[in-house]
Amino acid sequence: MENYIVSARKYRPLTFDSVVGQRALTTTLKNAIASGKLAHAYLFCGPRGVGKTTCARIFARTINCLTPTETGEACGNCESCKAFEQQRSFNIHELDAASNNSVEDIRSLIEQVRMPPQVGRYKVFIIDEVHMLSTAAFNAFLKTLEEPPAHAIFILATTEKHKILPTILSRCQIYDFNRMEVADIVGHLKHVAQQEGYDYEEEALSVIARKADGGMRDALSIFDQVAGYAEGHLTYRKVIEDLNVLDYDYYFKIVDQMLGKNIPAVMLTLNEILSKGFAANHFISGFASHLRDLLVSRDAQTLPLLEVSETVRTRYSEQAAKCRPQFLYRALRFCNDCDLNYRTSSNKRLLVELTLIQVAQAVDDDEAGCGLGPTKILKPLFAAIAPAAAAPQAPKAQPAATTQQRPAATPAAATAPSATLPVANTQNTAAAQHHVRPVSLSISATKMQQRRKQANSANLDQARRIVINEVQPFEWKDLSYQWYRFAMELPQEQNAIAGRMKNMRPQLMDNFVVEVPVENDQVLMLMNSIRDDLVCYLRMGLHNGKVDVRFRIIQAEEAKKRAYTRQEQLAAMLEKSPGLAVLKNTLNLELA
């Protein structure tokens with residue numbers, strides 16, 4: 001039985017022209033060899049499996065070829081090329097810096113650099129994973145890397161260029177290798193499948209190429225794995241079964257169900273996907289990618305951006321024609337929010353289900369995807385099992401209004417004194433009954449505050465023209481409630497007045513006069529600045545047009561009788577009732 005060689009080694013390129021996906025870099029290296037302008041140090045950097053070490057070996061083989069071809073490639077027939085193919089060449093030295101990263105290893109390498117080549121013109125030293133060298137090893141290598149012998153060329157390869165010292169980078173010509181495109185990987189896999197005599201479907205090779213994430217070595221490894229499972233017959237179904245890849249047919253199916261407003265079917269499809277062992281976050285990520293591909297497919301100019309086979313590209317184009325751009329924009333936003341919140345969610349499946357419901361209900365949404373819009377109302381999710389028409393009910397007769405009843409809160413009946421109204425109005429004002437269009441959450445806090453001020457200003461102007469004729473009795477608790485409510489509804493720029501009002505204790509006198517003791521002249525001036533608004537507010541809230549407010553400064557003998565703050569009241573209660581302190585500490589209570 002012959003020794004099996006994996007495809008990544010068996011079909012490793014031996015010439016620059018056979019390197020896949022790095023056309024610009026290989027052309028540059030060929031031109032440098034043809035012109036004889038060779039640098040003494042190169043740095044090949046890029047993702048794994050894109051051909052860094054392969055290009056380094058081809059470069060070393062080509063510059064030592066005794067009879068190069070007219071295209072700048074190695075001939076493959078001279079002694080140097082045969083020694084290279086048989087892995088017995090003394091002109092090429094490879095060092096794995098991951099396991100040989102000490103100063104002693106670099107010193108041993110420097111000793112080999114001093115000896116000239118026996119056959120050929122150059123000795124090439126390939127140091128793989130060079131970022132793994134220690135700082136001391138880098139420093140020991142600096143002088144030799146900067147001024148090597150004429151026959152020595154260094155090729156450093158790494159996947160993490162940012163870990164290499166800047167002093168090393170400045171001494172090298174840097175070549176950045178790119179990730180390979182799906183089309184390039186699929187083309188190479190076709191060549192390998194034909195050489196091996198395998199039957200294949202292009203969609204199956206496309207799945208392998210996307211799974212490899214731009215690395216040819218990973219693609220060939222996956223290819224060998226799938227070929228063993230499929231016994232040489234690479235079909236799309238066998239590939240997704242072996243690699244446990246979520247079939248894109250599910251995504252097409254879910255979008256069709258959403259367009260058909262069949263939300264129960266969407267829930268069942270999601271359950272089928274999860275029952276097969278696929279993680280919910282992988283599904284939502286794949287669904288977002290599917291929506292992105294649909295958005296790309298709407299324009300013929302961007303259609304080539306899809307890295308899929310021609311058959312699947314046609315399916316994307318057909319389904320994209322059924323989807324409106326507004327739906328795709330909002331669906332992508334919902335999926336992105338779900339992806340961001342997935343890790344912190346305690347019920348991950350519910351989060352994904354709610355996201356799908358939101359996406360499904362965005363199908364008929366007329367919102368353009370940005371700017372202000374009306375408040376959205378959730379549509380019914382599931383059809384009723386047995387819908388029954390409700391019998392119309394006769395409207396109840398409204399009793400006739402009497403003069404003793406409280407008047408309705410309408411512009412004709414609601415009245416107010418000729419004083420300004422505070423920021424927040426009660427339900428009896430005409431402005432409270434006016435319908436205000438809800439504001440989108442995307443409006444900044446500053447704009448919302450400006451709009452609120454404008455609305456309140458209009459309400460105050462209207463309240464000054466209203467008169468209250470009611471005279472209803474009220475108790476001190478009603479007065480205290482309206483007092484505290486007025487303090488809470490003061491605007492932000494009057495926080496100082498609101499804080500003082502919360503600590504005041506208004507007193508109810510005869511003829512509905514409210515007397516408020518204040519501490520000094522400064523507080524008296526502040527309270528007088530809002531007196532008209534306060535009187536208007538109390539009259540509206542207490543339904544009494546005779547309410548009046550008076551402020552007086554606390555006399556010296558009354559200083560001890562001033563109103564306590566809430567903290568002072570709590571301290572007095574704890575001092576009076578020690579058992580209350582035990583209850584507070586046991587239940588870990590705090591003053592609200």
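Reply: There are 23 salt bridges in the structure, which is a predicted model. Side chains of opposite charge can pair when their charged atoms come close.

Take Arg 171 and Glu 146. Their side chains form a salt bridge, 3.0 Å from N to O. This pair links distant parts of the chain, 25 residues apart. Arg 171 lies in the loop between α7 (166-169) and β5, and Glu 146 lies in helix α6. Arg 171 is partly exposed at 23% relative accessibility. Glu 146 is also partly exposed, at 36%.

Asp 249 and Arg 315 make another salt bridge, with the closest N and O atoms 2.6 Å apart. Here 66 residues separate the partners: Asp 249 is in helix α12 (residues 248-259) and Arg 315 in helix α15 (residues 310-320). Asp 249 has a relative accessible area of 23%, so it counts as partly exposed. Arg 315 is partly exposed too, at 33%.

Arg 485 and Glu 489 also meet in a salt bridge, at 3.3 Å from N to O. Arg 485 is partly exposed, with 24% relative accessible area. Glu 489 comes out at 19% and counts as buried, because the cut-off for buried is under 20%. Elsewhere, shared partners join Arg 237, Asp 247, Asp 249 and Arg 315 into one network.

Five strands form an open, parallel sheet in the order β2-β3-β4-β1-β5. β2 (92-96) and β5 (173-176) are the edge strands; each has a single partner, so one side of each lacks a neighbour in the sheet. On average, neighbouring strands are turned by 20° against each other, direction ignored.

The pairing around β4 goes like this. β3 (residues 123-128) and β4 run parallel and are joined by five bridges. Phe 125 stands opposite Phe 154 in β4. From β3 the chain crosses through helix α6 (residues 135-146) to β4, and this β-α-β crossover is right-handed. β1 (residues 41-45) pairs with β4 in the parallel sense, again over five bridges. Phe 44 stands opposite Ala 157 in β4. β1 also pairs with β5 in the parallel sense, over four bridges. There, Tyr 42 stands opposite Gln 173 in β5.

How enclosed is β4? Seven of the seven residues of β4 (residues 152-158) are buried, so the strand is largely enclosed by the rest of the structure. In a regular strand the side chains alternate between the two faces of the sheet. In β4, Ala 152, Phe 154, Leu 156 and Thr 158 point one way. Ile 153, Ile 155 and Ala 157 point the other way.

The β3 to α6 connection holds one backbone point to check. Most residues other than glycine have a negative phi. Glu 129, in the loop between β3 and α6, has a positive phi of about 50° although it is not a glycine. Its relative accessible area is 24%, so Glu 129 is partly exposed.

Asn 588 also has a positive phi, about 55°, without being a glycine. Asn 588 sits in the segment after α25 (578-587). At 63% relative accessibility, Asn 588 is exposed. Leu 583, Leu 587 and Leu 589 make a nonpolar surface patch of about 270 Å². Of these, Leu 587 is found in helix α25.

Terms used: Residues numbered from 1 in each chain as written. Predicted model: local features only at pLDDT ≥ 70, side-chain atom pairs only at ≥ 80, totals over all residues. Heavy atoms only, no water. Buried < 20%, exposed > 50% of the residue type's maximum accessible area, 1.4 Å probe, protein only. Helix = DSSP H or I, 4+ residues; strand = E, 2+ residues; numbered from the N terminus. Pairing = 2+ DSSP bridges. Right-handed = clockwise from strand over helix to strand, strands pointing away. Patch = residues over 30% accessible without salt bridge, like charges linked within 9 Å, V, L, I, M, F, W, Y side chains within 5 Å. Areas by Shrake-Rupley, 256 points an atom, 1.4 Å probe, with all protein chains shown as cover. Salt bridge = Lys/Arg side-chain N within 4 Å of Asp/Glu carboxyl O. Axes fitted to C-alpha atoms, helices over the stretch in contact; angles between N-to-C directions.
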